[in-house]
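Please read each point with the structure at hand.

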Amino acid sequence: MATSSARVDLDGNTIKPFTICMIGAGGFIGSHLCEKLMSETPHTVLAVDVYNDKIKHLLEPDSLPWAGRIQFHRLNIKNDSRLEGLIKCSDLTVNLAAICTPADYNTRPLDTIYSNFIDALPVVKYCSENNKRLIHFSTCEVYGKTIGSYLPKDSPLRQDPAYYILKEDTSPCIFGSIEKQRWSYACAKQLIERLIYAEGAENGLEFTIVRPFNWIGPRMDFIPGIDGPSEGVPRVLACFSNNLLRREPLKLVDGGESQRTFVYIKDAIEAVLLMIENPGRANGHIFNVGNPNNEVTVRQLAEMMTKVNFLYSLVYAKVSGEDSIESPTIDVSSKEFYGEGYDDSDKRIPDMTIINKQLGWDPKTSLWDLLESTLTYQHRTYAEAVKQSIAKAVAN
Ligand code: NAD
Ligand code: UDP
């Protein structure tokens, strides 16, 4: 384990231990960030969330080497007066709390807008009024659609990176019309970014905004009917994992033609730690955090996950080759899958110039490698429970 004396920042200065108020610490990203901070740094975390299942292994037992450096505070930031006190007694606030699953954006647009804008307002205000640093989690979705998506299908300009690479300081934010409620999330995130930026410009708030580009890995979302609602629709990694565990076809929304770049959660957490420990280089910046080398269509992602899952089954679950399902994918319309008002981002490739220049960060893990370790985790965590739930359903 690292000690405080051994740690220096990118400019060679000794890093002093911080107290971090982490809101949304019980979620996917929060759990990995807490793990990293506990195992590799001397910092203290005040972990705020309404749930703590994903960080239980860090909170108990009292004999853990970092006991005393992480405290869980179960509170809903919508309506809890303890929030300001926690921010006041921290050096830095990291705000991860949000509704951030696309299935909610068009079906629960009010909750989505409240969660991503209104509920984040007091956090920004308390940081600004108390002169505390804020690292706020936004999204790559604030870019919306690419300029290239509006060009004719056969236009050669579609191949020109100027029409699709997403740059923090120059790319526009292009959303669909208001009845396409999918964009309620992106729009709320954009407005909170603008508010934070304005607090920086007018009131001197020290802020960093993070735009994650499809971070994936263990503990992402839930498996419907196992540790989440049976009818719930998580993000694509968990949807496809669920299909594979249940040995049912993977559903491709509108043909699975949309493109995404996926980054391994552990690579991305390295970037966040650099931001935390290098305020002089991170303050005042908006950072894309993604892996431009891991681009696939959703259809290709389904094919890769099916292959990785097949190999896992052969090696570890002793499933024979003939047992693999014949039709591994099925096309569904977005209206059928998500309901009215869904729309999609066509392509998301992050420009890496700013994060590279300020923090020297680059992602390392290939898509094959990250899928292998993530699907191994999914099998070890869920295979038995899924098997039992299928057996129960058949018996009934
Ligand atoms: P997550 O849903 O796993 O975590 C969010 C956590 O916030 C949850 O544990 C939830 O209980 C908590 N929370 C929500 N509302 C709260 C409230 N009112 N009070 C207290 N706690 C509350 O999501 P995640 O993937 O870890 O994402 C974290 C942040 O990163 C979000 O702001 C999200 O918009 C952003 N983001 C993530 C990705 C990604 O690739 N994972 C992509 C784009 C943006
Ligand atoms: N998707 C899909 N099948 C699923 C779940 C998602 O085809 O079972 C598609 C979805 O329409 C989108 C992409 O996968 O094009 C990524 O979806 P995700 O929910 O991970 O979030 P997004 O990247 O859109 O924010």
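This is a predicted model: local features need pLDDT of at least 70, side-chain atom pairs count only at pLDDT 80 or more; totals for chains, interfaces and linings use all residues.

1. Three elements, helix H8 (236–245), strand S9 (250–253) and helix H12 (334–338), each contribute at least two residues to the shell around ligand 2. Helices (H or I, at least four residues) and strands (E, at least two) are DSSP runs, numbered from the N terminus. The shell comprises 19 residues, and the closest are Lys251, Arg260, Tyr342, Asp344 and Arg348; a residue is near a molecule if one of its heavy atoms lies within 4 Å of it. By class, the shell around ligand 2 holds ten nonpolar, two polar and seven charged residues. In this division Ala, Val, Leu, Ile, Met, Phe, Trp, Tyr, Cys and Pro count as nonpolar, Asp, Glu, Lys and Arg as charged, and the others, Gly among them, as polar.

2. Residues are numbered from 1 along each chain as its sequence is written, chains are lettered from A and ligands numbered from 1 in the order in which they are written, and side-chain values use heavy atoms, with hydrogens and water left out.

3. Which atoms of Lys251, Asp344 and Arg348 lie beside ligand 2? For Lys251, a backbone N or O atom is 2.7 Å from a nitrogen atom of ligand 2. In Asp344, an N or O atom of the side chain is 2.6 Å from an oxygen atom of ligand 2. Arg348 places a polar side-chain atom 2.9 Å from an oxygen atom of ligand 2. On its own, ligand 2 has 520 Å² of accessible area, and the protein covers 96% of this; accessible areas come from the Shrake-Rupley method with a 1.4 Å probe, and for residues only the protein chains shown count as cover.

4. Ligand 1 has its own surroundings. Its shell has 24 residues, the closest being Phe28, Asp49, Asn76, Tyr185 and Trp215. Helix H1 (28–40) and helix H7 (183–203) each supply at least two residues of this shell. The shell around ligand 1 divides into 14 nonpolar, seven polar and three charged residues.

5. A polar backbone atom of Leu96 lies 3.1 Å from one oxygen atom of ligand 1. At Trp215, a backbone N or O atom is 2.8 Å from an oxygen atom of ligand 1. Arg235 has a side-chain N or O atom 2.9 Å from an oxygen atom of ligand 1. Of the 830 Å² that ligand 1 exposes when taken alone, the protein buries 89%.

6. Glu60 and Pro61 are joined by a cis peptide bond, with omega about -5°, and Pro61 lies in the loop between H2 and strand S3 (70–74). Asn214, in the loop between strand S7 (207–212) and strand S8 (215–216), has a phi near 40°, a positive value in a residue other than glycine. Arg247 also has a positive phi, near 55°, and is found in the loop between H8 and S9.

7. Val272, in helix H9 (residues 265–277), counts as buried because its relative accessibility is 0%. Beyond its neighbours within four places in sequence, Val272 is in contact (heavy atoms within 4.5 Å) with Leu33, Phe137 and Trp215. Leu86, in helix H3 (residues 82–88), is buried at 10% relative accessibility. Not counting residues up to four places away in sequence, Leu86 touches Cys21, Leu46, Val48, His73 and Leu75. The C-alpha atoms of Leu86 and Ile20 are 9.2 Å apart in space, although the two residues are 66 apart in sequence.

8. Asn52 lies in the loop between strand S2 (44–49) and helix H2 (56–59). Its relative accessible area is 7%, so Asn52 is buried. Leaving aside neighbours within four places in sequence, Asn52 contacts Leu59, Phe72 and Arg74.

How values were computed. Buried means under 20% relative accessible area, exposed over 50%, partly exposed in between (1.4 Å probe, protein chains only). A polar contact is a pair of N or O atoms within 3.5 Å; within protein, one must be able to donate a hydrogen and the other to accept it, and residues adjacent in sequence count only if both atoms are side-chain atoms.
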